[in-house]
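Here is a short report for a first look at this structure. Keep the sequence and the 3D view at hand.

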Protein chains: 2
Amino acid sequence: MIDVALVGTGGMMPLPNRYLSSMICRHDGRLILFDCGEGSQVSLKLLGWGFKNIDAICFTHYHADHISGLPGVLLCIDASERKEPVRFFGPPGLEYFVRSLCVIAQGLSFPMEFTEWSPGKDHFAGDGDLTLRALPLRHRTPCFAYNIALSRRGKFDLERAKAGGVPMEVWSALQKQNDADIVYNHKRYTSDMVLGPRRRGLSVTYCTDTRPVPALVPFAKGSDLFICEGLHGNDDEKCAQHMHMSFAEAAEIAKKAEVGELWLTHFSPALQNPAEYLPAAAAIFPNTVIGRDRMKKTLRFMDD
Amino acid sequence: MIDVALVGTGGMMPLPNRYLSSMICRHDGRLILFDCGEGSQVSLKLLGWGFKNIDAICFTHYHADHISGLPGVLLCIDASERKEPVRFFGPPGLEYFVRSLCVIAQGLSFPMEFTEWSPGKDHFAGDGDLTLRALPLRHRTPCFAYNIALSRRGKFDLERAKAGGVPMEVWSALQKQNDADIVYNHKRYTSDMVLGPRRRGLSVTYCTDTRPVPALVPFAKGSDLFICEGLHGNDDEKCAQHMHMSFAEAAEIAKKAEVGELWLTHFSPALQNPAEYLPAAAAIFPNTVIGRDRMKKTLRFMDD
């Protein structure tokens, strides 16, 4: 199960009810934050998922509307008395940007760890069943899309377990994770000896800010949820000029990547009512939704 | 005439309808901003006084709740295409803090000029009839209160002008400012030759964050408006511990300084309804008002 929530859906400048860019995923009680624009601490408080379990903060890039809320969020994590490290991921300059902003958030209760993505390359960070991938985008500054995926182990396969001579005493331990490795009565047993093929997992792709790039289609392929920027409704000229996407361009990628659902976000402050432009996207990819701050969804494994 | 508006009335952490510390004064179309907490750009936009005429930004100190909104506000000033310098005033470290935060607000359209106040001293900056004074406070870090004052020239004094032999041709020019200095028919004439004694001007004092200090009383003496922090309602212990003031402490200063009106601001997020504690202040200084974001007032010269 993954819970996903939009924290802020504003691009460039915030509006009274539209905080700046930020999205959060929750799995097994742990939180990963993506971007952290101005006002994120307020929206996160309203969301109510807490601050203490924010294990990682991933930045797409360092334009102010994606990072200006960081000091406030770090001070909230500090106030939660977190002691474990917070991991940061992002394009080159990550530690420089974070530490510069931390001049107003000093003496934090937790250490910070930095992983900078090299520009122009795909990246990967794994953490058990949960994996994080990053894809370089095409913006005015190095920028990455993110995919967070939860794998799902195969079903217990009785025939296989018996055929492999796996003793009943270790069946339960072996089927509880993908990569269990157990020694019992001087013999070694692994999960693959009792499990069928892996089943369909869950994944979320988060993409902002960029022009459409072909690699986004395989990157987002089959995502249950594709969260994508749509800065300027249908103004293709402005989108091209500022290296952003229109609603229709986001929908084209959603269609080609055969995602489950498209959430549009990162709206220009000039878009007072983004729903006005929804038809342009829905004509291409019907399952398109206009994002709102604190819109959330729980993604669950499909029944077999 | 001075227009004053509270931009944000929150202390420590913002709430959905309470942005972090900031106050703005307007005189003759020009703006001076005091502090700039997270969300200031949104509240300033709602206020509608514009960004282009922000000539100066004065910081009391650099705790995040007083400066975290700076990058957003600078980007708004930039978007207004201001070309004139913006002047910054504040305790030591001013340029370091501002430039550190500017890692996410680079390439601004206007130059920045910095005036750092030495700790522990009074300071003064004059600009024609409008003057700015700064007073050192007692907080956990160097912190200053501000007083902004608009002087008012004396009335035209016909007897005096005649007695001094000032020709009628220069009366108008001499009475339009306090310090006019005109040569006419090879003779020199100054404003004081046609004006009576200066009349009562206008002044606003802004004070946050601090324990009560005796010097505040003469500093705020006779202010038309005294904007003062009241972080913790009536929790004197917390106030003393965190170097802040209670509502009653602020009211004591207002009373001794014989100000016109006290506006309380900089409320702890734990104070959901600051009005609950109003009686504690009003019992000491009846003309006390609980500040709200974008509460504003126009101060006008008194009739003679």
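## The sheet in chain A

In what order do the strands of the open sheet of chain A run? The 7 strands follow the order β6-β5-β4-β3-β2-β1-β16, and their pairing is mixed. Strands pair if DSSP finds at least two bridges between them. Helices (H or I, at least four residues) and strands (E, at least two) are DSSP runs, numbered from the N terminus. At the edges of the sheet in chain A lie β6 (112–116) and β16 (296–299), and each pairs on one side only. From one strand to the next, the twist averages 20 degrees.

This is a predicted model: local features need pLDDT of at least 70, side-chain atom pairs count only at pLDDT 80 or more, and totals for chains, interfaces and linings use all residues. Residues are numbered from 1 along each chain as its sequence is written, while chains are lettered from A and ligands numbered from 1 in the order in which they are written.

Within the sheet, β4 (residues 54–58) and β5 (residues 86–90) of chain A pair in the parallel sense over 3 bridges. I57(A) has F88(A) in β5(A) as its bridge partner. Helix α3 (residues 94–101) of chain A packs on the sheet and touches β5 and β6 of chain A. The direction of this helix makes about 145 degrees with that of β6(A). Axes here are lines fitted to C-alpha atoms, for helices over the stretch in contact, and angles run from 0 to 180 degrees between N-to-C directions. Residues are in contact if their C-beta atoms, placed from the backbone, lie within 7 Å.

## Two copies, one surface

How is chain B laid on chain A? A turn of 180 degrees and a shift of 0.0 Å along the axis do it, with an RMSD of 0.0 Å. The two copies are therefore related as by a two-fold rotation axis. The superposition is by least squares on the C-alpha atoms of residues with pLDDT of at least 70 in both copies.

The contact takes 23 residues from chain B and 22 residues from chain A. On the side of chain B, the elements that give two or more residues are α1 (40–47), α2 (70–79) and α3 (94–101). By class, that side has 16 nonpolar, 6 polar and 1 charged residues. Ala, Val, Leu, Ile, Met, Phe, Trp, Tyr, Cys and Pro count as nonpolar, Asp, Glu, Lys and Arg as charged, and the others, Gly among them, as polar. Of the interface residues of chain B, 96% are also interface residues in chain A, so the copies meet through the same surface.

## A covered helix in chain B

Helix α2(B) is mostly covered, with 8 of its 10 residues buried. A residue is buried if 20 or more other C-beta atoms lie within 10 Å of its own, exposed if 12 or fewer, and partly exposed in between; C-beta atoms are placed from the backbone. Among the buried residues of α2(B) are L70(B), V73(B), L74(B) and I77(B). Their cover includes α1, β4 (54–58), β5 (86–90) and α3 of chain B. Just after α2(B), E81(B) takes a positive phi of about 65 degrees.

## Loops worth a look

G11(B) sits in the loop between β1 (2–8) and β2 (22–27) of chain B. Is G11(B) buried or exposed? G11(B) counts as buried, because it has 28 C-beta neighbours inside 10 Å. Beyond its neighbours within four places in sequence, G11(B) is in contact with residues including S21(B), D65(B), E229(B) and H266(B).

A cis peptide bond joins T208(A) and D209(A), with omega of about 5 degrees. D209(A) lies in the loop between β12 (199–207) and α6 (216–220) of chain A. In chain B, a cis peptide bond joins T208(B) and D209(B), with omega of about 0 degrees. N185(A) is not a glycine, yet has a positive phi of about 50 degrees. N185(A) is found in the loop between β10 (181–184) and β11 (187–190) of chain A. N185(A) is exposed, with 8 other C-beta atoms within 10 Å.

## Domains of chain A

The domain assignment gives domain 1 (2–153 + 198–299) and domain 2 (154–197) in chain A. Such bounds come from an automatic or database domain assignment. The C-alpha centres of the two domains of chain A lie 38 Å apart. In chain A, 5 residues of domain 1 are in contact with 5 residues of domain 2. The side of domain 1 that touches domain 2 has no nonpolar, 1 polar and 4 charged residues.

Terms used
Contact = placed C-beta atoms within 7 Å.
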